[in-house]
Amino acid sequence: FGWNIDSPFFADRRVRRAMSYAFDHDAMLEKLCYGLYKPAAGNFPEDSWMAPKRKLQPYKQNLDTAETLLDEAGWIDHDNDGIRDKEIDGRLVPFEFSMLVNQQPLRIAICTLLKESLEQVGVRMNVRPTEATVIQDLTQKKKFQAYFGGWGSGTDPDSSENIWATGAGRNFVSYSNPEVDRLFAEGRRELDRGKRAEKYGRIQEILYEDQPYTWLYWRNSFYGFSKDLRGYVFSPRGPYNYSPGFGSLWMPRQE
């Protein structure tokens, strides 16, 4: 889930963390994803060389913590209507927002689960299924409050800078942290992989605390091949994502 930090709802880090604590991660993984995926705690897989040495624990649902964080951020049900609200620019604003999501059944179901989770802590969310091209347009223009999406991690951590660096092209949620910007710049210049790993690991620790996104799971890819095929050549991104890729497959001629 991506939280638009320019929105009055998600500018406060405590609110973004509350969203992550409110969500029923276990129900998503076991019931909606059938146990096929591992939970994610950030932008780099825990077994990758650039992940932090200190293992980050994926968020789990904790409604008490979510409510405490929302209280601390000033989102309290002042008018006793069951929905939290906050005075912004002299006006009492209810905590009600929309989540953009692609028209795919699983993604809609996950967003619906978030909606149901948030209802338990006094937050109202509207699930807004729409076409992928519309989501892309709205996120690029930053005309949204929250959206459901997915990112590929890439084979080198530097490739994710344009998601997290201040003002970067794919930084749809308007995240900005000077330390993250500095670490990305230093990581690009560093030639020692061990020292690079420390910088990118620190980036993930910062993102984990700031929660510009609520990370959900690492999506596995499943491939099926005929036993008659030969020439399997795999890249770090799977069998079809580089040259010769699919072109390496062949089948013995039958005599």
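1. Arginine 84 counts as buried because its relative accessibility is 8% (buried means under 20% relative accessible area, exposed over 50% and partly exposed in between, with a 1.4 Å probe and protein chains only). The model is a predicted one, in which local features need pLDDT of at least 70 and side-chain atom pairs count only at pLDDT 80 or more, whereas totals for chains, interfaces and linings use all residues. Residues are numbered from 1 along each chain as its sequence is written, and side-chain values use heavy atoms, with hydrogens and water left out.

2. The side chain of arginine 84 meets that of aspartate 71 in a salt bridge, at 2.6 Å from N to O (a salt bridge is a side-chain nitrogen of Lys or Arg within 4 Å of a carboxyl oxygen of Asp or Glu). Since arginine 84 lies in the loop between α3 and β3 (85–88) and aspartate 71 in helix α3, the pair ties together parts that are 13 residues apart in sequence. Aspartate 71, at 38% relative accessibility, counts as partly exposed. Helices (H or I, at least four residues) and strands (E, at least two) are DSSP runs, numbered from the N terminus.

3. Helix α3 spans residues 63–72, and its buried residues are Ala66, Leu69 and Leu70. These residues lie on the same side of α3 because they cover an arc of only 100° around the axis, the arc being that of the directions from the helix axis to the C-beta atoms. Helix α1 (13–22) is included in what covers the buried residues of α3 (contact means heavy atoms within 4.5 Å). Just after α3, glycine 74 adopts a positive phi of about 90°.

4. A second salt bridge to note pairs arginine 124 with glutamate 96, whose closest N and O atoms are 3.6 Å apart. Arginine 124 belongs to strand β6 (residues 124–130) and glutamate 96 to strand β5 (residues 96–102), so this pair ties together parts that are 28 residues apart in sequence. Arginine 124 is partly exposed at 38% relative accessibility, and glutamate 96 is partly exposed at 31%.

5. Within helix α7 (residues 178–189), arginine 182 and glutamate 179 are three residues apart, about one turn of the helix. They form a salt bridge, with the closest N and O atoms 3.7 Å apart. Arginine 182 has a relative accessible area of 40% and is partly exposed; glutamate 179, at 29%, is also partly exposed. Salt bridges with shared partners join Arg54, Glu179, Arg182, Glu186, Lys199, Arg202 and Glu205 into one network.

6. Over the whole structure, a search finds 17 salt bridges.
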